[in-house]
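Open the model in your viewer and keep the sequence panel in reach. The tour below goes from one selection to the next.

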Amino acid sequence: MSSRELAVADKVISDRSGAYVIAEIGHNHEGDLEKAERLVLSAAVKGASAAKLQKRDNKTLFTKAMYAQPYEGRNSFGPTYGEHREALEFGRTEYTHLAQVAKEAGIDFFSTAFDFPSVDFLMEFDPPAIKIASADLTNTPLLGYAAKTGKPLIVSTGGGTGDEVRRAVDTILPVNPNLALLQCTAVYPAGPADLNLSVITRYREDYPDVVVGFSGHDLGVEASLIAFTLGARVIEKHFTLDQSRPGSDHHFSLTPPQLGTLTAALETTRQMLGSPEKSCSAQELAAVRKLGKKLVAAHDLPEGHLLTECDVACKSPGDGLKPYQMDQLLGRRLAVAVREDEAFAMEQLAAGPTTANG
């Protein structure tokens, strides 16, 4: 029996739960605190479980050459790549404000940490979880450092191999058992053939005690619904107010109406999947009675008659002995007369010998 379960804030994610939906804002706020606030509030209204940013200590993260590299074009927020990234980076003032906004809106708020200083920064805000991006799947020093915080880690696996995923899991679990592993494809946007959703099933088999999820860079919501049916219980999708805005993530992000469609459809999918235990529900009883079959007398039968197959018929409604109980009647004598179409009952059978020579 799997103990697959992860607690994030007051939400318990398991095979029995609904989807924990992360609205990945990333840097779609474009460095604008008011826009970030609108994104957090919209994510809450549209039913997301969490709103998430990305946190980088840019001068720690990039080489000097990469930081100073010219970065021009429609998606640029600065003349060099470093200045571009700094323009999009929020600090303590913004995080303090957004954490309070999220709390009041009733939505979890956390971030992806890309380096050691960012882990330390985020821990100042006591986040309910820490996200690790696909790019750091092989960054075992960062994985181990984040694991030591004790916070639930949600790790994307885009661009990784099976061995790299195993190495990441083996780095985290001995230190911190609170892990969600997300199937992801590092293609932006990802087409249907890129998604490999069957990996979700593989993760569930290989890591029976780990919550599995899906971080989708695909367009639309369909893949997330399929992922849920395969067992993904954390669903992450990029989120924007306007897909036409400059920036590398806007064009494949969900808009507020699409996020609302996703969360509603995931809940409908959860209801459709229901329970793995097969049973007759209260809602089915009327149809089962009307259309089902019971065992009745095929013709008038006198008291003392020895029942044979030609004496028993299967007819609706199904409010008596089931057809599979016929063997309990055959070869028994009747203690009372039974009229044609009358339902058989065990009380009608005589005690004692069950055959003509008995």
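Helices (H or I, at least four residues) and strands (E, at least two) are DSSP runs, numbered from the N terminus. Axes are lines fitted to C-alpha atoms, for helices over the stretch in contact, with angles from 0 to 180 degrees between N-to-C directions. This is a predicted model, in which local features need pLDDT of at least 70 and side-chain atom pairs count only at pLDDT 80 or more, while totals for chains, interfaces and linings use all residues. Residues are numbered from 1 along each chain as its sequence is written, and side-chain values use heavy atoms, with hydrogens and water left out.

**Stop 1: a helix pair**

Select α7 (residues 140-147) and α8 (residues 162-172), whose axes come within 9 Å and cross at roughly 35 degrees. The crossing is right-handed, that is, the near helix is turned clockwise from the far one by less than a right angle. Now show side chains: Thr-140, Leu-143, Gly-144 and Ala-147 of α7 are in contact with Arg-167, Ala-168, Thr-171 and Ile-172 of α8 (contact: heavy atoms within 4.5 Å). By class, this contact has 4 nonpolar, 3 polar and 1 charged residues. Ala, Val, Leu, Ile, Met, Phe, Trp, Tyr, Cys and Pro count as nonpolar, Asp, Glu, Lys and Arg as charged, and the others, Gly among them, as polar.

**Stop 2: helix α10**

Move to α10 (residues 222-229), where Ala-223, Ser-224, Leu-225, Ala-227 and Phe-228 are buried (under 20% relative accessible area, 1.4 Å probe, protein chains only). Their cover includes α9 (198-206), β9 (211-216), β10 (234-238) and α11 (256-273). Just after α10, select Gly-231, which takes a positive phi of about 115 degrees.

**Stop 3: the pockets**

A pocket here is an open set of points on a 1 Å grid over the protein atoms alone where a 1.4 Å probe fits, with protein on both sides within 12 Å along at least five of seven lines; lining residues have an atom within 4 Å of a point.

Which residues lie nearest the centre of the largest pocket? Select Gln-54, Arg-56, Phe-114, Tyr-188 and Asp-249, from a lining of 37 residues. Two or more lining residues come from each of β3 (20-26), β4 (50-55), α4 (81-87) and β10. α4 gives the most, with 3 residues. The classes are 13 nonpolar, 15 polar and 9 charged.

For the second largest pocket, select Asp-15, Arg-16, Arg-233, Gly-274 and Pro-276, which lie nearest its centre among 15 lining residues. Here α10 and α11 are the elements that give two or more residues. This lining has 4 nonpolar, 5 polar and 6 charged residues.

How values were computed
Buried means under 20% relative accessible area, exposed over 50%, partly exposed in between (1.4 Å probe, protein chains only).
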